[in-house]
There are 2 protein chains.
Amino acid sequence: MLDKWYVGVDIGGTTIKLAFVTTEGEIVTKWEIPTNTSEDGKHITKDIAIAIEEKCQELEGNKANLISIGLGAPGFINMETGFIYQAVNIGWKDFPLKEELEKETGLSVTVDNDANIAALGEMWTGAGEGASNLLCVTLGTGVGGGIIANGQILHGVNGMAGEIGHYTSLAEGGAPCNCGKTGCLETIASATGISRIAIEKVAEEPTSILQAKLYEFNTLTSKDVFDAAAAGDKLANSVVNEVSFHLGLALANLSNGLNPEKIVIGGGVSKAGDVLLNAIERQFKRFALGRVAEGCEFKIATLGNDAGVIGGAWLAKQNVVATK
Amino acid sequence: MLDKWYVGVDIGGTTIKLAFVTTEGEIVTKWEIPTNTSEDGKHITKDIAIAIEEKCQELEGNKANLISIGLGAPGFINMETGFIYQAVNIGWKDFPLKEELEKETGLSVTVDNDANIAALGEMWTGAGEGASNLLCVTLGTGVGGGIIANGQILHGVNGMAGEIGHYTSLAEGGAPCNCGKTGCLETIASATGISRIAIEKVAEEPTSILQAKLYEFNTLTSKDVFDAAAAGDKLANSVVNEVSFHLGLALANLSNGLNPEKIVIGGGVSKAGDVLLNAIERQFKRFALGRVAEGCEFKIATLGNDAGVIGGAWLAKQNVVATK
């Protein structure tokens, strides 16, 4: 261990991802530990400190090789103080994450939310590389987002910026969303939303491949829908069109405001690849201003599960630069 | 003239507004000159230089009292180089505005677009005072916008950020917009849009005050609509509701992405005041995330026609700070 590295940490509800990352954004080593949610998550900071210590020993180095820690966590966070108001999946409530982790590790810690650090990772070395105006959308169980403008992640006045999943796509008659509203983009374009729409539509088109699949497995996944669409199934294509229409419209409307250079689509649903990307882009071009569409490129996220730890390292790096 | 002042300049199609502004954002003196659009606008920079020179003499000072110039212009601008690609109303095409004005005045010049400097003015000393995350919307003949995030105006990758007027409100069946799309917010919430909707609706409700007005004056203004709504006219209220629905939905969707502290509504239509503001806010709260709505306050713009010159001065001030 001769070089100086950043530590990127990405805390999720079941695992914590860690990595040592070079100053150029390359992962030296990465590993995971389970998220210990017992006793309201009070052991997590100690677990992270031990994990870092052990990895240093394994690599025959020591903490002097590490510059600082950049960390992403779910929930409501005060980014300046690294204080977690609430993170339901972890158990934290009013938890001084930055302070505790700095105490345990002796390293400086910078905290942001998990969707934001994934966006920062893609900006640094992933699909968004080189762009300082970027929209990142994660289509997973829910729909997450991160907005980068002038090279900075946007937090807004109380940390809520980037909540693209709660863009209201259907002002009237939409499905209920976990946030309490109805008709959010998340109810349509998440894996869950795509599955719901497909199941609702199966009755309309009894000849669809999807009907047989639904009878066999008693459910439909978003992968089923994209596979059937690729095979030319009419119903599946109508679902893909509906989803792409709402994604393209929402992203165009945000882009008429933000004029991004790249839009990066990640998460499980993005594995559908070009079928999805081309369909979204077709709708996007209908609703974006000509010059906005010209300036914008669509990309599938490339870093997968590493986006968070790389973005964490970027965050740590920015903080070192900023405080120098 | 003992103090040091900035010069704010706001170039419009018919007049150029100028002001000397203190380092605290107070206007010392303001005045206007006509916009000379002859010969593709080639005399404009000289006109501005002479106007500044004469005003200095009038105040018994000289150019040494002036720090620098911040200027807003319509059209497509490269903000870094101050180069105007095209400004149709002025006649400029490939015009090096910053370079020419620096040559004529001997002062350093910073250029941005006119909607943006108005937003910066409201942020500095107007309705947005103190907020570093701000949405500004100008409801005039068209619908303009400016977005401030982390205290910076957003330009995006090719200067198109803040085009809130071209948010697509009606994906299908909307009215044609000057931009070439259909159903833009501008076709609904501008003075022109409100007038169009009211005229279209008059046939539906022959008892409306607006019908008599339309017969008398052969047109309806947005002021007519708001006056009739305040007087309880059913048709006028349905127009106000339709306009507010689309404004509230668009602003909520942008706010779910940007999480602003304030939304400032300006322009001629904003003279309707609380009737308009309350109606927009009611719709906004339906479509914004709870925490986004909690963090956000609606305000009518307070600087009127002075917003541009004050914002110009702010721009000049930032540039001095940045280059020091």
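1. The two copies meet through the same surface, because 100% of the interface residues of chain A are also interface residues in chain B. In this predicted model, 42 residues of chain A are in contact with 42 residues of chain B, where contact means heavy atoms within 4.5 Å. The area buried between chain A and chain B comes to about 3,400 Å², and carbon and sulfur atoms give 57% of that area; buried area is here the accessible area (1.4 Å probe) that two parts lose on being put together, summed over both.

2. Some conventions should be kept in mind while reading. Residues are numbered from 1 along each chain as its sequence is written, while chains are lettered from A and ligands numbered from 1 in the order in which they are written. Because the model is predicted, local features need pLDDT of at least 70 and side-chain atom pairs count only at pLDDT 80 or more, whereas totals for chains, interfaces and linings use all residues, and side-chain values use heavy atoms, with hydrogens and water left out.

3. How is chain A laid on chain B? A turn of 180° with a shift of 0.0 Å along the axis does this with an RMSD of 0.0 Å, the superposition being by least squares on the C-alpha atoms of residues with pLDDT of at least 70 in both copies. The two copies are thus related as by a two-fold rotation axis. In chain A, the C-alpha nearest this axis belongs to A:Leu254, at 3.2 Å from it.

4. Between chain A and chain B there are two salt bridges, a salt bridge being a side-chain nitrogen of Lys or Arg within 4 Å of a carboxyl oxygen of Asp or Glu. B:Glu172 forms a salt bridge with A:Arg286, and their closest N and O atoms are 3.5 Å apart. The interface of chain A and chain B also holds 27 residue pairs in polar contact, both residues at pLDDT 80 or more; a polar contact is a pair of N or O atoms within 3.5 Å, where within protein one must be able to donate a hydrogen and the other to accept it, and residues adjacent in sequence count only if both atoms are side-chain atoms.

5. Among the elements that each supply at least two residues of the side of chain A that touches chain B are helix H9 (234-258) and helix H10 (274-287), with helices (H or I, at least four residues) and strands (E, at least two) taken as DSSP runs numbered from the N terminus. H9(A) gives the most to this side, with seven residues. By class, the side of chain A that touches chain B has 21 nonpolar, 15 polar and six charged residues, where Ala, Val, Leu, Ile, Met, Phe, Trp, Tyr, Cys and Pro count as nonpolar, Asp, Glu, Lys and Arg as charged, and the others, Gly among them, as polar.

6. Within chain A, an automatic or database domain assignment gives domain 1 (5-120 + 305-323) and domain 2 (130-302). Their centres, taken over C-alpha atoms, are separated by 29 Å, and the contact takes nine residues from domain 1 of chain A and eleven residues from domain 2 of chain A. The area buried between these two domains is about 730 Å², of which carbon and sulfur atoms give 66%. In domain 1 of chain A, A:Met79, A:Asn116 and A:Ala119 lose the most area to domain 2, together 50% of what that side buries. Across this domain interface there are zero salt bridges.
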